[in-house]
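Please read the following walk through this protein chain with the sequence and the coordinates side by side.

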Amino acid sequence: MLRARTLGILALFALLQLLGGCGGTAGTNSGGNANTSVPGRPANPSAKREADGVKDSLEELEALITLPFQPEDLVWKEFVAGTNGNVRGRRLLAVFQFSPNDAKELIDRSAKLGAGSPAQIPVEKWFPAELIAQSEMSGDEGIAVTSYPADEFYRDPFLKGTLSNVDKTDFFVLDLFVK
């Protein structure tokens, strides 16, 4: 009885030592530590996005706004609107990519709410790589879009904003504010 108990305790201790050795220490350049930058290998972009407050959770976003279609790709960020301490409310900025059929349907529905108007919007560093590349290739201070009223996306308290379709793509940029 004592021997079985002693062996059990030793096995538990060995298991804890083994499991403790599987985790890397912060700041090491081990291949298992995805948040550490290794020379010749880019840092984990999703970890950087999370540190900047960028999210990709569809469920969290659906708690804040109405989504007329299921996006194929999604990144978004919520932050305080205003500069230099002039707090004017909350802002939600989201980038979606829809299927070609859903994108066409969304454009048709949005055009019924108001005529689209051409515009340029700045590209954030956390936007999808395709949009960043498009901005860099154009040489402009942003990307060309067609902006529409965002009424289909409104949910209290986000009751003001625009929906912009990135020209010649299935990407949309949603910019909403608390009214």
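Of the 179 residues of the protein chain, 30% count as buried, where buried means under 20% relative accessible area, exposed over 50%, and partly exposed in between, with a 1.4 Å probe and protein chains only. The model is a predicted one, in which local features need pLDDT of at least 70 and side-chain atom pairs count only at pLDDT 80 or more, whereas totals for chains, interfaces and linings use all residues. Residues are numbered from 1 along each chain as its sequence is written, and side-chain values use heavy atoms, with hydrogens and water left out. The chain exposes about 11300 Å², of which carbon and sulfur atoms supply 56%; such areas come from the Shrake-Rupley method with a 1.4 Å probe, and for residues only the protein chains shown count as cover. Among contacts with a separation of 6 or more, 51% are between residues 24 or more positions apart, a contact being heavy atoms within 4.5 Å.

The protein chain has five helices and six strands, taken as DSSP runs numbered from the N terminus (H or I of at least four residues for helices, E of at least two for strands). From the N terminus on, their order is α-α-α-β-β-α-β-α-β-β-β. Two strands are said to pair if DSSP finds at least two bridges between them. On this basis β3 (residues 117–121) and β4 (residues 143–149) are antiparallel partners over five bridges, with Q120 bridged to A144 in β4. Five bridges also join β4 to β5 (residues 158–166), again in the antiparallel sense, and here V145 stands opposite V166 of β5.

The aromatic side chains can be taken next. The structure holds five aromatic pairs, counted for rings of Phe, Tyr and Trp (its six-membered ring) whose centres lie within 6.5 Å, with planes under 30 degrees apart called stacked, over 60 edge-to-face and the rest tilted. The rings of F69 and F98 have centres 6.2 Å apart and planes at 70 degrees, so this pair is edge-to-face. Because F69 lies in the loop between α3 and β1 while F98 lies in the loop between β2 (89–97) and α4 (100–113), the pair ties together parts that are 29 residues apart in sequence. Both F69 and F98 are buried. W126 and F127 form another edge-to-face pair, since their ring centres are 5.0 Å apart and their planes stand at 80 degrees; W126 and F127 are likewise buried. Ring pairs also link F69, F96, F98, F153 and F172 into a cluster.

Which residues touch the most other members of the largest nonpolar core? In this core of 21 residues, they are L61, I65, L92, F96, F153, L174 and L176, a nonpolar core being a set of buried Ala, Val, Leu, Ile, Met, Phe, Trp, Tyr and Cys residues joined through side-chain atoms within 4.5 Å. Two or more residues come from each of α3, β1, β2, α4, β5 and β6 (171–178). Leaving aside neighbours within four places in sequence, L92 is in contact with residues including L61, I65, W76, F158, L174 and L176. A second, separate core of 13 residues includes L93, I121, W126 and F127.

Two loop residues complete the picture. S99, in the loop between β2 and α4, counts as buried at 18% relative accessibility, and touches E72 and D170, not counting residues up to four places away in sequence. A63, in the loop between α3 (58–62) and β1 (73–81), is exposed, with a relative accessible area of 57%. The C-alpha atoms of A63 and R155 are separated by 8.9 Å, although these residues are 92 apart along the chain.
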